[in-house]
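Let's take a walk through a protein chain together. Have the picture ready and follow along from one end to the other.

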Amino acid sequence: MAAKKHIVSAQLYTLREYTYSAKEIVKTMRKIRKIGYTSAQISAMAALDPAELRRLMTDEGVEPISAHVGLDQFADIPAVAAQCHGWGVKHVVIPYLPLDSVPTAASWKKVARQFSAYGKALAKE
């Protein structure tokens, strides 16, 4: 059996100061492609149409593979799904939880059930 190929991707939150406009996104994608990245996780990007953001990235040789989506956005699952479809990503990350929102083991279990429900709902979209 052949070894599974792993891909190391750029995490664009770390470059958020350079992704605030379409022009900056293009420049940043060129730079990360030049140093060897062929994929990236969408995070903290300019407010562009998802398909347009995908086009800007792929035109420079960088494939969006996942995205950070804030917990508050999951109040509208169809909108999250539409965004992810436009970006062309299948993996969604909720980037953080306020620690005071999960103070007990029971609250962590409740959040895990909630996240599982979000995943199931997104899979249906």
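Starting at the N terminus, the elements of the protein chain run β-α-β-α-β-α-β-α. That gives you four helices and four strands; here helices (H or I, at least four residues) and strands (E, at least two) are DSSP runs, numbered from the N terminus. Keep in mind that this is a predicted model, where local features need pLDDT of at least 70, side-chain atom pairs count only at pLDDT 80 or more, and totals for chains, interfaces and linings use all residues. Residues are numbered from 1 along each chain as its sequence is written, and side-chain values use heavy atoms, with hydrogens and water left out.

Now for the overall picture. The C-alpha trace spans about 45 × 45 × 30 Å along its principal axes. Of the 125 residues, 32% are buried, meaning under 20% relative accessible area with a 1.4 Å probe, protein chains only.

Next, look inside. The largest nonpolar core has 25 residues, and Leu12, Met57 and Trp87 touch the most other members. Such a core is a set of buried Ala, Val, Leu, Ile, Met, Phe, Trp, Tyr and Cys residues joined through side-chain atoms within 4.5 Å. Helix 3 gives the most to this core, with five residues.

What does Trp87 touch, leaving out residues up to four places away in sequence? The list is Ile42, Pro50, Leu53, Arg54, Pro64, Ala67 and Val69, where a contact means heavy atoms within 4.5 Å.

Conventions
Buried < 20%, exposed > 50% of the residue type's maximum accessible area, 1.4 Å probe, protein only.
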